Amino acid sequence: MTGIVRPSPLPPEDATLDESALAGLGSGLKGLFITFEGLDGCGKSTQMELLAAALRERGYVVLVTREPGGTGLGESIRDLLLDPHHHGMSARAEALLYAAARAQLVEQVIRPALDDGQVVLCDRYLDSSLAYQGYGRGLGIDDIITLNVWGTKCLFPDLTLFLDLDDSIRSTRLAAVPDRLEAEDDEFHQRVAEGYRTLLTLHRHRIRRVDAQGLESDVQARVRAVIEEELALFSH
Ligand code: TYD
């Protein structure tokens with residue numbers, strides 16, 4: 001397998017305490033942990049698969065997973081979370097269920113793969129909870145961070161890509177029957193979108209924005225450019 005050159009484990013000098021926990025420190029394990037974020041319909045899954053294929057061609061062992069889900073327990077929790085019948089779910093119950101699915105995924109899948117030196121690509125992670133539950137539901141990000149620091153035993157991504165796509169294009173890609181989250185009103189989705197923008201500024205050393213407009217291949221070229229710039233995975 002091609003060796004991984006880790007980015008500097010030190011947080012930037014001007015990072016705040018919160019940022020140094022969440023920005024730039026990464027997983028601290030042998031492998032690399034890269035997460036993909038964005039609003040529903042932004043094309044994350046396709047871009048992740050394309051990146052995984054390119055990395056595998058380069059000789060990396062790549063694990064692709066998703067949230068909520070990726071384990072038997074996680075997929076069951078996913079069904080509960082997305083089922084429109086649970087429209088009365090409290091915001092705190094929702095945050096705890098996402099964190100529970102994540103705790104299981106980290107313990108069972110992500111941490112072992114990183115210990116083994118693999119590149120882990122995850123469709124959504126902690127930032128989804130910050131954007132959707134922290135900002136969207138108004139729970140605030142401090143409690144969500146605390147909950148997830150505990151749930152993941154402090155496992156943070158080395159790099160997060162935020163795929164940014166216009167609402168008008170995203171909305172054409174949404175499923176005909178919306179799940180419980182997609183069925184939320186425009187104000188909720190607006191708060192989530194603004195939440196992501198705030199996270200981009202707060203954690204600018206860890207989260208990189210990628211313009212997700214245009215052809216799949218053009219977006220993939222932008223994704224790889226960021227991966228190359230931050231982690232130099234393609235140049236050796
Ligand atoms: P999914 O179908 O995976 O959405 P997408 O294909 O857009 O990634 O559904 C996951 C939904 O759960 C999505 O609306 C985002 C939401 N979510 C949270 O609210 N909090 C979280 O912590 C995570 C991981 C997802």
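Predicted model: local features only at pLDDT ≥ 70, side-chain atom pairs only at ≥ 80, totals over all residues.
## Helix 8: length and faces

Helix 8 covers residues 186–202, and at 1.5 Å a residue its 17 residues should span 24 Å, a value with which the 24 Å separation of its end C-alpha atoms agrees. Within this helix, V192, G195, Y196 and L199 are buried. Viewed down the axis of helix 8, the buried residues fall within an arc of 100 degrees, so they line one face of the helix. An α-helix has 3.6 residues a turn, so residues three or four places apart point the same way.

The other side of helix 8 carries exposed residues, namely D186, E187 and T201.

## What the buried face meets

The buried residues of helix 8 pack against strand 1 (32–37), strand 4 (159–164) and strand 5 (207–211), and also against helix 5 (126–136).

Five strands make up an open sheet whose order is 2-3-1-4-5, with parallel pairing. Strand 2 (62–66) and strand 5 stand at the edges, where each has a single partner strand, so one side of each is left without a neighbour in the sheet. On average, and with direction ignored, neighbouring strands of this sheet are turned by 20 degrees against each other.

Strands of a sheet pair through backbone hydrogen bonds, either parallel or antiparallel. Strand 4 and strand 5 run parallel and are joined by 5 bridges, and L161 stands opposite R208 in strand 5. Both strand 4 and strand 5 also belong to the set of elements against which the buried residues of helix 8 pack.

Notes:
Residues numbered from 1 in each chain as written. Helix = DSSP H or I, 4+ residues; strand = E, 2+ residues; numbered from the N terminus. Expected span 1.5 Å × (residues − 1). Buried ≥ 20, exposed ≤ 12 C-beta atoms within 10 Å, placed from the backbone. Arc of directions from axis to C-beta. Contact = placed C-beta atoms within 7 Å. Pairing = 2+ DSSP bridges. Axes fitted to C-alpha atoms, helices over the stretch in contact; angles between N-to-C directions.
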